[in-house]
Amino acid sequence: MANRVAIVGIGQTFHKSKRPDVNQAEMANEAVRAALTDAQLEAKDIEAVVSANMEPFEGIYLPDHWMASEMAACGKSGFKVATGGTSGASGVIEGFHLVASGLVSTSLVVGFQKHDTSDTQAGMSACMTPVFGAGASTGAISEFANQALVYMEKSGAKEEHAAMVRLKADRGACRNPYAQLKLGLKGVEEILASGHLEWPIRILDFCPQSCGACALILASEDIARKISRKPVWIADTITVHQEPFRAGSFGDPTGRETYSQDVASRKLYKRNGITNPRKDIDIAEIYEPSTWEELMHYEHYHFCDENEGWKLIEKGMTEIGGEFPVNPSGGVLSTNPIGATPVIRVAEAALQIRGDAGEHQVTRDVKTAVATALGGCNWTTMILLRRSI
Amino acid sequence: MAERVGIVAVAQTKYHPNRADVNEGELVYEAIKQVLDETGLGYGDRGKGIDASIDCSQDMWDGRTISNLGVMSYVGAHLADEDKVCEDSINALYCAMARILSGHHDIVLVATHCKESQANKSIVENAAFDPIFLRLLGLDFLAAAAMQSTRYMHKYGITVEQCAKVAVKNRGNAKNNPFAQEPLDITIEDVLRSATLASPIRLLDSKPISDGACAMILARESQAKKLTKKPIWIMGASNCYETHYPGYRELADCDALVKAAKKAYSMAGITDPFKQINVAEISEEYSYQEMLWMEGLGLCQRGDAGKLIDTGVTKMGGQLPVNPCGGMLSGKPTVVAGMANVAEAVLQLRGEAGERQVPKAKVALAHGVTGICGQHQAVMILGHN
Amino acid sequence: MGKEPTQEYIQVQINTPRPYRWSTGKYLGKLYKEAKGHKKLVTNRCTKCKELVYPPQMVCGRCKVEAGQDWVEMSDKGTVVQYTYLIFPRWDPHLGEYYASPYPSATILLDSGLYLRSRLEEKDTQKLKRGMRVQAVWKEEGRGRGQDDIEYFRIIEEPEVDK
């Protein structure tokens with residue numbers, strides 16, 4: 001009999017660019033302990049552990065095996081998943097299905113990544129067909145640059161708008177004790193004064209690489225209602241992958257491509273009675289690897305109409321105190337341990353629903369939240385959370 | 001009454017030491033094409049076709065980050081649901097099963113591949129050892145297995161002859177399996193005379209390098225009955241981790257397997273495995289493992305698997321044939337082996353196992369193993385009623 | 001941005017070369033052979049949707065069926081759809097290296113209808129324009145890497161195309 005599933009425990013590490021004081025297993029353990037403490041559970045209460053990580057970065061085969069004890073997986077069911085940037089979300093989704101199916105009644109989802117131990121060059125370039133690198137010959141930055149140029153031309157967005165996204169992320173990060181990059185930026189001018197890397201991209205347009213882990217404990221309805229005062233219900237999930245764009249890794253100058261974000265959000269909204277996303281959803285934690293990507297996501301997730309994404313940020317509508325807060329946590333632009341990042345999105349969205357986000361809690365009452373992830377060649381996952389179902 | 005999960009079609013490629021003629025995607029497509037043709041299914045939303053695909057591959061074996069990029073076109077992932085599990089492929093089936101039992105999916109394609117010929121086995125496996133203490137010892141799974149075998153043989157008096165009997169049985173069984181890579185007519189003496197790889201494991205106690213792929217389609221009961229006349233039901237399934245450091249484990253007792261088997265049997269209503277199971281497909285990377293895993297599966301008491309092999313009850317024609325397909329020893333890639341075992345179990349239960357058919361098989365066991373000395377174990381019980 | 005740790009931590013350094021031998025399969029293999037041997041780009045056209053499948057592949061990912069063996073030789077001339085150029089070589093967080101190639105990168109629409117992401121020979125950004133006509137300049141010694149055997153695209157004298 002299918003169960004309804006809630007998040008009953010949330011834990012994350014304090015994300016940093018370097019964590020020489022721990023190895024990866026110990027780092028993940030910090031998040032696991034935090035989640036168990038939050039849920040007021042013990043390791044023995046967990047029945048399955050689903051882990052998520054892009055292991056080629058650290059060069060580890062079967063990292064979940066090395067870390068079995070630290071992730072409370074000994075004697076437990078479970079497995080590891082990996083789908084690129086969306087790995088963490090895939091972890092949450094499979095952890096959800098394990099509990100929803102009744103195969104187990106509690107699951108622990110752990111996403112982790114320790115970039116200070118990784119060979120990033122080897123890891124990223126090895127994504128491409130080992131013998132064929134579409135776009136690799138021009139470098140990842142030029143792919144993002146290409147995307148920004150296409151968006152600027154199509155929508156009329158300006159560099160200021162990308163800068164506003166970074167500013168919003170920084171404001172959120174400065175209020176979020178777990179976030180990594182706390183730059184203390186004073187204004188858009190400061191960002192625009194920083195040099196370009198490749199026209200029109202600045203280094204401030206990118207996410208960092210972090211060392212961090214995030215853990216969630218999922219439980220079936222029976223258990224959730226018994227042990228948690230504030231269970232956060234996973235109302236629905238959706239995964240949509242896609243073939244690479246024809247004319248670039250991230251940008252689409254042809255205007256012909258279908259975006260997985262568009263397909264995913266349409267289906268998710270339809271299934272859940274969401275007709276006006278900015279009204280029916282209270283906040284979004286989205287996976288934005290670059291500032292321009294966030295503006296585009298506003299449109300692709302239908303938070304606004306096509307070509308209007310830059311207007312949302314210009315009007316301050318996606319700020320913490322805004323009409324539709326997006327990434328009040330500081331988002332991926334401030335913190336990006338890849339394997340953990342999608343789990344952090346879900347964790348942050350859940351904290352908002354619980355009212356436990358501390359200084360970066362949004363002003364509007366959060367009953368419904370959506371957490372997204374981005375991976376592979378523009379793959380999307382969306383997880384819909386509700387305070388009550 | 002909750003709907004069960006049925007397997008409606010299975011396919012394996014013929015296992016081969018070096019499929020240099022195809023890349024990963026083309027290899028897995030050889031299996032996927034067969035299950036698509038057999039069921040006539042396409043990809044689509046719920047109720048209209050395959051509504052999710054679960055891949056299973058290892059980035060470290062494929063030498064490619066996000067290794068499912070190499071197969072996504074072949075599993076119909078464009079604008080569709082896809083995920084990738086990174087353990088032995090029997091766990092991808094477990095994941096797919098959860099997707100259906102959760103009520104969110106109806107028909108799931110599961111596909112796995114591994115081309116061992118493309119990588120250096122020792123270097124890949126060495127990367128599984130904890131990087132702080134164990135990696136620099138230069139161990140791979142063979143060296144670790146040798147330790148486990150030594151411990152197991154010492155604790156329970158298992159002999160090298162008994163290990164050799166496993167190899168002789170499985171290599172001989174492979175002659176009946178059109179998918180097998182390397183059937184051999186060998187004797188116990190042949191095994192004992194073959195070169196020692198890592199004492200006490202000899203060349204013929206271990207499996208050859210292999211390339212291959214496997215695909216199957218799972219469906220919820222109501223759909224399964226429409227898609228095939230012979231759906232095979234997953235009666236029970238579970239998996240389990242053990243601790244990582246070999247020094248902390250009792251290598252002669254596979255606790256993870258005991259736990260996984262217990263849960264799977266409980267789900268399937270199996271109380272006396274040796275009597276109630278008619279055929280077992282077990283992942284034996286090395287000959288001693290077939291015996292060790294049989295004990296973990298509760299097919300006999302701890303330490304008695306050697307005697308079981310001696311009695312011949314696990315041979316073809318015996319009370320409980322183990323590895324009628326020839327097992328991993330006859331050539332089957334890591335990662336793929338677990339799902340391949342389920343595929344064999346399905347063929348047995350459908351009565352489609354040809355010359356390796358176990359007569360009147362009603363309940364089958366399939367087993368998958370991942371990691372150092374079987375740190376991660378998975379069990380699936382299948383039946384056709 | 002966080003305090004520097006005051007303690008000296010031991011770090012374990014492991015440098016393991018990881019050799020792999022990948023099979024290209026017949027489709028990608030054909031692209032490589034033609035690029036290396038004849039300085040040509042070829043790919044297959046899906047018999048169902050009639051789009052060029054690139055890189056060439058057995059299955060058309062969008063149609064989810066076998067693409068077939070309708071091979072097309074790409075023209076090596078095209079039109080620049082979009083371009084960008086390096087202003088300051090800085091650390092590329094995604095490639096983990098200093099990105100120092102002086103050549104602008106561009107999205108080029110080949111006359112055969114295929115989009116290619118490649119480099120442009122002309123480093124003077126004032127001379128770059130959308131709609132310029134360009135032609136592939138192949139490396140002297142192709143390594144058999146398909147598109148990567150093209151060094152860059154050179155501007156040619158032809159009427160510009162309205163983009």
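Which residue in strand 9 of chain C is the bridge partner of C:Gly78? I looked it up: C:Leu110 is that partner.

**Ground rules.** I am working with a predicted model, where local features need pLDDT of at least 70, side-chain atom pairs count only at pLDDT 80 or more, and totals for chains, interfaces and linings use all residues. Residues are numbered from 1 along each chain as its sequence is written, while chains are lettered from A and ligands numbered from 1 in the order in which they are written.

**Chain C, strand 6.** I took helices (H or I, at least four residues) and strands (E, at least two) as DSSP runs, numbered from the N terminus. Two strands pair if DSSP finds at least two bridges between them. Strand 6 (residues 77-84) pairs with strand 9 (residues 105-110) over six bridges, in the antiparallel sense. Strand 11 (residues 133-138) also runs antiparallel to strand 6, with three bridges. There, I find C:Arg133 as the bridge partner of C:Thr79. I then checked burial (buried: 20 or more other C-beta atoms within 10 Å of the residue's own; exposed: 12 or fewer; partly exposed: in between; C-beta atoms placed from the backbone). Strand 6 of chain C is largely enclosed by the rest of the structure, because seven of its eight residues are buried.

**Chain A, helix 12.** A:His302 follows the helix and has a positive phi, near 60°.

**Chain A, helices 4 and 15.** I fitted axes as lines through C-alpha atoms, for helices over the stretch in contact, with angles from 0 to 180 degrees between N-to-C directions. The axes of helix 4 and helix 15 (residues 341-354) come within 5 Å and cross at roughly 60°. The two helices of chain A are therefore oblique to each other (under 35 degrees is roughly parallel, over 145 roughly antiparallel, 65 to 115 roughly perpendicular, the rest oblique). For contacts I used C-beta atoms, placed from the backbone, within 7 Å. In helix 4, A:Gly88, A:Ala89, A:Gly91 and A:Val92 meet A:Thr341, A:Pro342, A:Val343 and A:Val346 of helix 15.

**Chains A and B.** I find 47 residues of chain A and 50 residues of chain B in the contact. Elements that each supply at least two residues of chain A's side include helix 4 (87-100) and strand 8 (232-240).

Conventions. Contact = placed C-beta atoms within 7 Å.
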